[in-house]
Amino acid sequence: MEETGIELIETAIALIGLTQYQTVVNSGGHGLITDEPLEAEGSNTGMNPFSLLLASLASCTVITLRMYINRKMWPIEEIKANVEMFKTLSGTRIETKISFKGEVNDRTKRSVIENSKCMSGT
């Protein structure tokens, strides 16, 4: 049964050849190489899939926060999201720490942090 109300947002295509784990990924008219590190028998020519996932989450966070901060016209020069993945007894946990460079008072910082929690669903 086909579900209605579905809109395609983006696609990605991954292609792997004979080079051990080196993969070419294309999406949105851009391409990159993913790979596995040498210790995992890869060629270490690009980010591994976990690194790529974390990079995607970090960049999505700072881009969305930049949009929010620009709308508020706050003088924040830089936004940094440090995203870390941990293996736990119950599975995997991802944590994000956000920092700023610029004129950021406590009220503004709280507002941006709360906004980021709404975006991430945490």
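Helix α1 gives the most to the lining of the second largest pocket, with 3 residues. Helices here are DSSP runs (H or I) of at least four residues, strands (E) of at least two, numbered from the N terminus. The model is predicted: local features need pLDDT of at least 70, side-chain atom pairs need 80 or more, and totals for chains, interfaces and linings use all residues. Residues count from 1 along each chain as its sequence is written, and side-chain values use heavy atoms, without hydrogens or water.

The pocket holds about 150 Å³ of space. V25, L32, L52, S56 and S59 line this pocket. By type, the lining has 3 nonpolar residues, 2 polar and no charged.

Now the core. The largest nonpolar core has 13 residues. Such a core joins buried nonpolar residues (Ala, Val, Leu, Ile, Met, Phe, Trp, Tyr and Cys) through side-chain atoms within 4.5 Å. α1 (49-72), β4 (76-88) and β5 (91-102) each supply at least two of its residues. The largest share, 6 residues, comes from α1. I69 is among those with the most contacts inside the core. Leaving out residues up to four places away in sequence, I69 touches W74, I76, I79, F100 and V112 (heavy atoms within 4.5 Å).

The structure holds 1 aromatic pair. The ring centres of Y68 and W74 lie 5.8 Å apart with planes at 80°, so the pair is edge-to-face (centres within 6.5 Å, planes over 60 degrees apart). Burial is set by relative accessible area: under 20% is buried, over 50% exposed, in between partly exposed (1.4 Å probe, protein chains only).

| Residue | Relative accessibility | Class |
|---|---|---|
| Y68 | 13% | buried |
| W74 | 23% | partly exposed |

How values were computed: 1 Å grid on protein atoms, 1.4 Å probe; cavity = no way out; pocket = protein on both sides within 12 Å on 5 of 7 lines; lining within 4 Å. Points joined across faces, edges and corners; volume = space filled by probe spheres on them. Nonpolar A, V, L, I, M, F, W, Y, C, P; charged D, E, K, R; others polar. Phe/Tyr/Trp six-rings, centres within 6.5 Å; stacked < 30°, edge-to-face > 60°.
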